[in-house]
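Hello,

Here is the structure I promised to pass on. Please open it first; my notes follow below.

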Amino acid sequence: MAATGSGHENWSSRTAFILAAVGSAVGLGNMWRFPAEAGENGGGAFVLFYILCVLLIGLPVLLSEVLIGRHGQANAPESVRRVARDSNAPEGWSILASMGVFAAFLILSFYCVVGGWVVYYIGVFLGDLIQTGLTGGAFQGRPAEDIEALMPGLFGNGSLMIGLNLGFLAVTMFFVARGVSSGIEWVAVYLMPLFFLLFLGITVYGAFTDNFGQAVAYLFTFDFSKLTGEVMLAAVGQAFFSLSLGVAGMMTYGAYASRDTNLGETSGIIAGADTGVALLAGLAIFPIVFAAGLPTNAGPGLMFQSLPVAFQAMPFGSLIGLAFFTMVFFAALTSSVSLLEAPTAYVFEKFKMPRMVATLIVGAGAAVLGVLSSLSFNDMAEFYPLGFVPLFAETNFFDTLDGVTAKLFMPIGAILTCIFVGWIADARLIDDENGLDGWLHQTWRALVRFVCPIALTVILLFGLFG
């Protein structure tokens with residue numbers, strides 16, 4: 001059903017909204033980045049500070065973005081414009097959402113490249129399962145060096161990288177082109193439960209290994225001597241990026257929320273589910289890593305290189321590996337749908353064109369950038385698009401897009417969002433939208449006005465000069 005006067009559809013239910021928003025937040029940031037960050041930053045100290053940052057920074061900004069979208073009932077820039085207009089504030093504040101929409105578009109282009117890696121490993125484990133059978137370990141008889149070489153081998157094949165990237169993008173475009181109820185909501189309502197089912201199964205499997213207790217101790221033993229400034233900044237950044245903040249996705253999804261949805265309560269559920277998935281990802285991955293005697297500080301290679309080696313030593317290794325990467329695929333797809341929806345909603349509303357055409361236009365632009373990102377690991381490895389900027393002097397196309405969005409667009413957009421909601425927008429309008437009262441409301445307002453802008457400014461400055 002369209003929202004009155006907006007041309008927007010609505011979520012069919014509060015549950016659909018929660019599943020879609022959780023799907024937007026739960027993605028490669030949880031499944032790939034969180035275990036890598038926890039492993040590189042000492043485990044428990046990082047995890048404790050990460051949870052604290054979700055509560056004090058992530059959740060307040062999340063609620064701020066969702067309430068802007070729900071009040072505006074339009075694409076993200078137009079929603080900010082309507083809040084500003086209703087607050088007798090300058091409509092130029094819509095720049096904060098425009099930055100988010102542009103960031104979402106850029107992130108989509110290289111996010112689908114990583115999504116293609118996931119598809120590649122699904123194919124690898126499916127082929128191995130067919131070849132070696134159900135019960136044995138994965139990659140029987142192959143040395144660990146061969147398994148670790150799968151990823152460099154993929155990176156060296158530009159044509160395969162491009163094909164996988166475009167395939168993942170095409171699936172994303174298919175669901176966004178179908179609209180909110182028939183496409184985006186379908187992905188959330190059906191794929192997110194499947195994701196959680198697979199996730200629970202792999203976590204339970206890990207719980208019955210001899211190394212589950214070691215993983216629990218690693219993640220939840222809070223050694224404060226390891227809580228350095230660098231670890232704290234990593235935790236703040238992970239909390240921020242894990243919730244998909246600063247990319248207009250939550251504003252866009254908030255615009256499809258009905259007036260009877262309590263946004264404060266719903267935002268708490270979204271943040272809680274996202275954090276829970278990140279913690280469970282650690283509990284699913286680290287027992288496998290410990291069982292294989294692999295290092296925890298493998299960084300980004302933890303999921304794509306260390307885990308495939310670990311699956312070799314496990315009973316049903318090929319099946320577990322296939323289930324694991326299928327689960328990651330579901331998480332990646334729900335997030336890529338959100339990333340595509342933000343710019344698509346802007347284009348089709350701004351230029352009054354059919355959703356299908358807008359999806360094709362945005363998707364085509366993302367495809368061009370995605371091809372360049374795919375070639376960053378092979379034919380264009382020495383092409384540095386911002387080589388004249390010291391911060392990006394030696395970063396390829398893929399890493400440049402990642403760096404520009406993570407270090408500039410996302411934190412700046414979130415800082416402006418906090419200033420806008422905390423200081424510029426009409427307080428009564430904000431109070432009517434946020435669904436909070438009493439001490440919760442006062443705490444949230446103090447966090448949005450003071451704590452979040454300061455913390456996000458630190459992230460920004462550290463990213464630029466640290």
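Which residues have the most contacts inside the largest nonpolar core? They are Trp 117, Phe 195, Phe 304, Phe 311, Phe 324, Phe 325 and Phe 420. The core itself has 170 residues. Helix H5, residues 95-132, supplies the largest share of this core, with 23 residues. Bear in mind that this is a predicted model.

Now the whole chain. The chain has 19 helices and 0 strands. Its C-alpha atoms fill a box of roughly 70 × 50 × 50 Å along the principal axes. A compact globule of 466 residues would have a radius of gyration near 23 Å; the chain has 21 Å, which agrees. Buried residues make up 60% of the chain. Of the contacts between residues at least 6 apart in sequence, 80% join residues at least 24 apart. The accessible surface is about 17,400 Å², and 66% of that belongs to carbon and sulfur atoms.

H1 reaches 16 Å from its first C-alpha to its last, close to the 16 Å expected for its 12 residues. In H1, 9 of the 12 residues are buried, so the helix is largely enclosed by the rest of the structure. Among the buried residues of H1 are Phe 17, Ile 18 and Val 22. Gly 23 and Ser 24 are buried too.

Best wishes

Conventions: Residues numbered from 1 in each chain as written. Predicted model: local features only at pLDDT ≥ 70, side-chain atom pairs only at ≥ 80, totals over all residues. Heavy atoms only, no water. Core = buried A, V, L, I, M, F, W, Y, C linked by side-chain atoms within 4.5 Å. Buried < 20%, exposed > 50% of the residue type's maximum accessible area, 1.4 Å probe, protein only. Helix = DSSP H or I, 4+ residues; strand = E, 2+ residues; numbered from the N terminus. Expected span 1.5 Å × (residues − 1). Rg over C-alpha atoms; globule rule 2.2 N^0.38 Å. Contact = heavy atoms within 4.5 Å. Areas by Shrake-Rupley, 256 points an atom, 1.4 Å probe, with all protein chains shown as cover.
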